[in-house]
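Please keep the sequence and the structure at hand while reading.

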Amino acid sequence: MKTLVVGGTGPTGPFIVNGLRERGHHVTIFHRGTHEVPEIPDDVAHIHGDPHFLETIEEALAGHTFDQVIATYGRIRLIAEALRGKTGRFISIGGIALYRGFANPRLLKPVGVTNPIRESAPLVADESEDRFGYLIARTEADVFEHHPNATVFRYPYVYGPYQLVPREWCVVRRILDGRRRIIVPDGGMSLSTHGWAGNLAHSVLLAVDNPDAAAGKSYNCGDMDQLSIRQLVDVIAGALGASIEQVSLPGAVAGPARTLTLGGRHHQLMDLAAIRADLGYDDVLPAVDAVAETARWYADNRPEPGGEIEQRLGDPFDYEAEDHLMEAADQAMELLRRAAAEPVATRARETAVHDGLGPEGRRRPHPYAHPKNANELRDHRGR
């Protein structure tokens with residue numbers, strides 16, 4: 001089978017390309033040619049061109065037809081248009097930001113998307129509400145207009161080698177620089193769906209293997225298990241043989257640490273029921289192992305300090321400023337501890353009631369009756 005992969009050198013590309021090769025496909029990749037990665041073998045053909053404009057796409061692909069196209073990069077709606085009638089199967093990669101309220105949680109009441117987010121959740125239909133989300137949704141519609149039996153995968157944040165904005169580096173570099181305290185926003189409790197590149201590529205390859213089941217459908221995808229920011233930091237530290245203290249600050253004053261929480265203060269968890277039911281998806285590498293592997297890769301392949309990757313992250317790695325913030329956080333916590341420990345009878349009673357304690361500070365018994373004798377209307381506590 002002749003398969004064209006548009007892209008191929010990003011985080012999921014090598015996994016997709018090599019998965020196709022293992023299935024006996026003759027693979028060609030169409031990309032700009034600005035960088036190559038060693039994971040792409042020499043037997044893979046290259047077409048170099050710009051996949052962002054209809055004229056350059058048509059020029060690069062003139063005279064070519066394919067049994068299957070997997071579009072992971074470029075302007076997908078134009079690629080779909082250019083390849084209409086030139087491929088038997090079209091698979092494309094979109095994103096999860098097409099859901100209404102995803103980028104602008106205050107559009108919804110209550111504020112924020114409900115979790116998990118299903119494929120059937122409302123999409124952005126008004127460009128004035130969220131132009132980026134609207135364009136993603138519009139692209140999906142265009143793909144199905146040109147290729148009714150297409151399959152669309154809605155990628156979450158992708159992690160692994162060759163990520164353009166590797167949030168893991170924010171933690172990895174601090175550990176490598178000898179930092180033993182790190183700021184996490186809001187206790188590091190936020191949750192949003194992420195996907196290791198190998199797991200996301202596996203999703204795409206399942207559609208290759210099950211064309212009838214996947215035809216005409218859009219799928220959320222991501223790792224089966226999701227780590228909170230606090231867990232992410234713990235896993236990275238463990239992978240690098242380090243110990244690091246996490247200092248919680250409110251997200252509004254957490255500075256560059258907000259880079260770790262791509263979903264802001266609202267959870268953004270994707271429902272994976274459809275891809276599991278239709279295609280039998282499960283992770284090829286569990287999330288904890290995938291994060292650890294990613295951390296070690298970046299430790300061995302360090303981005304340039306202050307270079308392009310760190311500029312994209314928007315993380316200045318200003319340790320002096322961070323120390324100042326953490327010192328202020330320590331002082332604030334001490335003030336709160338003192339306030340909580342004030343020997344005021346009314347506060348003690350209020351705290352006891354809030355914590356489910358009796359007036360003497362003993363644990364309040366639960367409300368269900370435990371009679372000591374048969375047929376008692378009430379037990380020894382009057383329940």
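## Overall fold

The model is predicted. The protein chain holds 13 helices and 11 strands. Along the principal axes, its C-alpha atoms fill a box of roughly 85 × 60 × 40 Å.

Of the 383 residues in the protein chain, 47% count as buried. Among contacts with a separation of 6 or more, 71% are made by residues 24 or more positions apart.

## The largest cavity

How many cavities of 30 Å³ or more does the structure hold? There are three. The largest cavity has a volume of about 100 Å³. Its lining is made up of C170, V171, R174, I182, I183, A254, P256, A257, T259, L260, D315 and E322. Two elements, α5 (168–176) and β8 (181–185), each give two or more residues to this lining. The element that gives the most is α5, with three residues.

By class, the lining of the largest cavity has eight nonpolar residues, one polar residue and three charged residues. R174, D315 and E322 are the charged ones.

## The second largest cavity

The second largest cavity has a volume of about 50 Å³. Its lining consists of Y159, R167, H194, D223, D225, Q226, L227, A287 and V291. Four of these residues are nonpolar, two are polar and three are charged. A287 and V291, both in this lining, are also among the buried residues of helix α10.

Is α5 mostly covered or mostly open? It is mostly covered, with eight of its nine residues buried. The buried residues are E168, W169, C170, V171, V172, R173, R174 and I175.

Just after α5, G178 takes a positive phi of about 90°.

Why does E322 count as buried? Its relative accessible area is 6%, and buried means under 20%.

Leaving aside residues up to four places away in sequence, E322 touches R174, R179, I183 and F317.

## Helix α10

Helix α10 covers residues 287–300, 14 residues in total. At 1.5 Å a residue, the helix should span 20 Å, and its end C-alpha atoms are 20 Å apart, so the two values agree.

The buried residues of α10 are A287, A290, V291, A292, T294, A295, Y298 and A299. An α-helix has 3.6 residues a turn, so residues three or four places apart point the same way. The cover over the buried residues of α10 includes β7 (157–159), α5, β9 (194–196) and α8 (229–239).

Strand β8, which gives residues to the lining of the largest cavity, is mostly covered, as four of its five residues are buried. It pairs with strand β11 (residues 245–249) in the parallel sense over five bridges. In this pair, P185 stands opposite L249 in β11.

Strands β1 (residues 2–6) and β2 (residues 26–31) also pair in the parallel sense, over five bridges. V5 stands opposite I29 in β2. Five of the six residues of β2 are buried, so this strand is largely enclosed by the rest of the structure.

## An exposed residue: A374

A374 is found in the segment after α13 (345–354). Is A374 buried or exposed? Its relative accessibility is 71%, so A374 counts as exposed. A374 and E308 are 66 residues apart in sequence and 76 Å apart in space, C-alpha to C-alpha.

Terms used
Residues are numbered from 1 along each chain as its sequence is written. This is a predicted model: local features need pLDDT of at least 70, side-chain atom pairs count only at pLDDT 80 or more; totals for chains, interfaces and linings use all residues. Side-chain values use heavy atoms; hydrogens and water are left out. Buried means under 20% relative accessible area, exposed over 50%, partly exposed in between (1.4 Å probe, protein chains only). On a 1 Å grid over the protein atoms alone, a cavity is a set of points where a 1.4 Å probe fits but cannot get out, and a pocket is an open set with protein on both sides within 12 Å along at least five of seven lines; lining residues have an atom within 4 Å of a point. Grid points are joined across faces, edges and corners, and a volume is the space filled by probe spheres set on the points. The expected span of a helix is 1.5 Å times one less than its number of residues. Contact means heavy atoms within 4.5 Å. Two strands pair if DSSP finds at least two bridges between them.
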